[in-house]
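Visitor: I would like to learn how to read a protein model. Could you show it to me and then take my questions in turn?

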Amino acid sequence: MHRSLSRSILPLFNLPSRKIESLLQVPSTVIRPFTTTGLVPAKNLPPRPKPPPDSEIEESFLKGSGPGGQKINKTSSAVQLKHIPTGIVVKSQATRSRSQNRNHARRLLAQRLDELLHGHQSRSAVVGQVKKKQADSAAKKSRRKYKRLAEEKAAAIDDKEGQEQEASSNDKGLQELAGNEPTTTSADDANHTNRT
């Protein structure tokens, strides 16, 4: 922080210059809360492939097709690139803008050439492997979750059945105890009612 700036601000706040400097400085440990990170750490990936030089590319502009209305159907905004040494042809109609489609087609062509030259070590192959690992991990986690839920449900059902069997055995035991007690006959009941 410049001393001249703190001196110009000092009369406004009636604070010592040290305080103002400490208020205006942002600590280096502040974490940015809304940073976006990709799915894959960049250090593990090969570099993005560069497009081939324009001398190796044959470029043509075509009329588009599909959704997009009159702008797509009547203007030549779709871009087709042919890599002359390999014969790879790429077409891009991602947007309605010719310049954006040119850039997109060049990136696609660079990616295809990278796949052709490097095979399973190309950037797109490595990204595909990482995404597959993430999907497999998520599927495994889901399977574990539902297996655990099924086990808990089975255990709850077993507990419930065990409680029902225990209750029914208790009822049978009570009935057996009740069966062993001397029972009164109807004559005893009659005598009992006559006494009262």
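Predicted model: local features only at pLDDT ≥ 70, side-chain atom pairs only at ≥ 80, totals over all residues.

Visitor: How many helices and strands does the protein chain have?

Guide: Helices (H or I, at least four residues) and strands (E, at least two) are DSSP runs, numbered from the N terminus. The protein chain here has six helices and three strands. Read from the N terminus, their order is α-α-β-α-β-β-α-α-α.

Visitor: What share of the residues in the protein chain is buried?

Guide: Buried means under 20% relative accessible area, exposed means over 50%, and partly exposed lies in between (1.4 Å probe, protein chains only). Of the 196 residues in the protein chain, 15% are buried. The accessible surface, from the Shrake-Rupley method with a 1.4 Å probe and, for residues, only the protein chains shown as cover, comes to about 15,900 Å² for the protein chain. Carbon and sulfur atoms hold 53% of that surface.

Visitor: How many salt bridges does a search of the whole structure find?

Guide: Side chains of opposite charge can pair when their charged atoms come close. A salt bridge is a side-chain nitrogen of Lys or Arg within 4 Å of a carboxyl oxygen of Asp or Glu. The search finds five of them. In one, Glu59 pairs with Arg102, with 2.7 Å between the closest N and O atoms. Glu59 is in strand β1 (residues 57-62) and Arg102 in helix α4, so this pair ties together parts 43 residues apart in sequence.

Visitor: Which other arginine forms a salt bridge with Glu59?

Guide: Glu59 also forms a salt bridge with Arg106, at 3.2 Å between the closest N and O atoms. Arg106 lies in helix α4 too, so this pair ties strand β1 to a part 47 residues away in sequence. Arg106 is buried because its relative accessible area is 14%, while Glu59 is partly exposed at 27%.

Visitor: Where do Glu152 and Arg148 lie?

Guide: Both are in helix α5, four residues apart, about one turn of the helix. Salt bridges that share partners join Asp54, Glu59, Arg102 and Arg106 into one network. Glu152 and Arg148 form a salt bridge as well, at 3.7 Å from N to O.

Visitor: Arg123 has no salt bridge. Is it buried or exposed?

Guide: Lys and Arg count as positive and Asp and Glu as negative, while His and the chain ends are not counted. Arg123, in helix α5, is buried, and the nearest side chain of opposite charge, Asp114, is 7.2 Å away. Contact means heavy atoms within 4.5 Å. Leaving out residues up to four places away in sequence, Arg123 touches Leu45, Pro46, Pro47, Arg48, Pro49 and Asp114.

Visitor: Which residues gather in a patch of negative charge on the surface?

Guide: Patches are made of residues with over 30% relative accessible area and no salt bridge, with like charges joined within 9 Å and nonpolar side chains (Val, Leu, Ile, Met, Phe, Trp, Tyr) within 5 Å. The place of a charge is taken as NZ of Lys, CZ of Arg, CG of Asp or CD of Glu. Here the patch gathers Asp158, Asp159, Glu161 and Glu164. Glu164 is in helix α5 (residues 123-180) and is partly exposed at 46% relative accessibility.

Notes. Residues numbered from 1 in each chain as written. Heavy atoms only, no water.
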